[in-house]
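Look at the sequence and the structure before reading on.

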Protein chains: 2
Amino acid sequence: MGKGDDTRTAILDRSIGLAAEVGLEGLTIGRLATELHLSKSGLFAHFRSKEALQIQVLDAAAERFVDEVVKPAVREPRGEPRIRALFDRWLAWTKSNSGPGGCLFVAAAAELDDRPGPVRDRLVALQKGWLEMIAIVFRTGVTEGVFRPDLDPEEFAHDLYSVMLGFHHASRLMRDPRAGARAQAAFGRLLSSARRT
Amino acid sequence: MGKGDDTRTAILDRSIGLAAEVGLEGLTIGRLATELHLSKSGLFAHFRSKEALQIQVLDAAAERFVDEVVKPAVREPRGEPRIRALFDRWLAWTKSNSGPGGCLFVAAAAELDDRPGPVRDRLVALQKGWLEMIAIVFRTGVTEGVFRPDLDPEEFAHDLYSVMLGFHHASRLMRDPRAGARAQAAFGRLLSSARRT
DNA sequence: ACAGAGAACGAACGTTCGTGCTCTTATCGG
DNA sequence: CCGATAAGAGCACGAACGTTCGTTCTCTGT
């Protein structure tokens with residue numbers, strides 16, 4: 001504990017925002033130090049390599065994501081309300097993440113596509129966890145009798161993620177004001193095709 | 001013209017592959033020169049700045065995309081065959097683009113999300129053109145009477161692009177062998193919901 | 001009061017970055 | 001076959017990169 005942890009938290013905080021803008025590779029220790037009024041070496045000492053920093057940034061972002069998106073959602077009633085909360089909060093997370101940059105995970109996903117290494121491995125693990133979370137929520141909806149039992153929960157998760165990616169693209173890159181409405185519409189169609197008849 | 005154009009083409013060729021791997025920012029003149037057995041300065045002379053190189057890389061990739069995806073697709077019959085050809089060839093383009101890296105445009109989209117400048121502007125323009133192309137193909141399907149006239153063609157384009165993004169994510173990052181099948185399934189659902197009853 | 005740990009500093013390292021020069025070699029029209 | 005012109009090499013630059021080092025504070029526990 002103590003002061004060091006506060007600094008570390010502040011570093012990771014800024015890193016998340018910065019990495020969402022310029023990527024995990026574009027994230028630079030020098031710039032980070034300047035913005036936080038630290039020396040490069042002092043900042044560097046908190047992590048012993050840039051790679052370690054990148055991984056910890058991913059972990060910190062995931063922790064925040066769970067707090068802001070997953071936890072509140074699982075407090076909603078099983079079935080449709082819960083999955084809708086998941087979706088709505090994910091949208092809000094992507095929109096905020098404040099200022100520029102969009103969602104760190106989406107940015108990192110494209111960046112680490114084909115660059116093997118521990119950082120990529122960590123991201124894949126986190127994404128797998130998130131997709132599994134969606135699938136689980138869907139499955140509980142099935143056992144509750146509101147979703148069709150003949151559907152593959154993982155495919156549902158995949159499709160939902162596609163909607164989210166489409167939203168990110170339309171809103172962040174294309175700056176399309178209809179992005180939100182379209183994401184909601186696509187989500188609605190996905191839901192209604194998953195509902196038990 | 002002469003030899004210079006051959007070199008330029010070779011540079012852009014390698015640049016497209018490299019940029020798909022490491023991004024347009026990660027694309028480096030030094031590495032490019034080494035791989036192509038050129039001097040940094042000799043290579044640099046072809047473009048007068050890195051930014052100009054990045055833009056020309058985007059343009060070159062777009063040109064190739066049109067040749068490999070759009071042109072063959074518009075030779076297909078109007079309506080469903082044409083839009084299916086568009087989709088299938090896009091999938092093939094994303095898979096090949098040979099070796100690692102995936103689709104340059106998807107990578108660039110995430111990278112340039114919130115980084116203003118001429119490169120981003122160029123990418124947005126190209127993406128807008130591509131989305132418009134999808135919408136136009138959809139519209140001709142409407143006038144042919146095979147697609148529902150009450151649907152928004154641009155929304156259809158948006159939804160189709162979402163499917164593509166989902167495929168890219170599942171296949172490139174997650175290395176999910178079911179990515180192709182799921183993309184086809186999602187495409188099938190999108191199509192059947194767009195067909196006239 | 002003193003020892004030790006933790007946190008941050010400034011300076012420097014070897015590399016690589018993009019970008020300029022100048023100079024030499026190839027190419028091609030008259 | 002020659003001379004203009006295009007293409008590329010060679011070299012150097014300032015800046016930024018990640019990383020290491022030795023040092024200096026400021027706490028905390030004994």
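Q: Is A:H37 buried or exposed?
A: In this predicted model, local features need pLDDT of at least 70, side-chain atom pairs count only at pLDDT 80 or more, and totals for chains, interfaces and linings use all residues. Residues are numbered from 1 along each chain as its sequence is written, and chains are lettered from A in the order in which they are written. A residue is buried if 20 or more other C-beta atoms, placed from the backbone, lie within 10 Å of its own, exposed if 12 or fewer, and partly exposed in between. A:H37 has 6 C-beta neighbours inside 10 Å, so A:H37 is exposed.

Q: What is phi of A:H37?
A: A:H37 sits in the loop between α2 (29-35) and α3 (40-46) of chain A; helices are DSSP runs (H or I, at least four residues), numbered from the N terminus. The value is positive, in a residue other than glycine: near 55°.

Q: Is B:R175 buried or exposed?
A: B:R175 lies in the loop between α8 and α9 of chain B. Its phi is positive, near 55°, and the residue is not glycine. Because 10 other C-beta atoms lie within 10 Å, B:R175 is exposed.

Q: Which element gives the largest share of the side of chain B that touches chain A?
A: In contact (C-beta atoms, placed from the backbone, within 7 Å) are 31 residues of chain B with 31 residues of chain A. Elements giving two or more residues to this side of chain B include α1 (3-26), α7 (118-143) and α8 (153-173). The largest share, 12 residues, comes from α8(B).

Terms used:
Contact = placed C-beta atoms within 7 Å.
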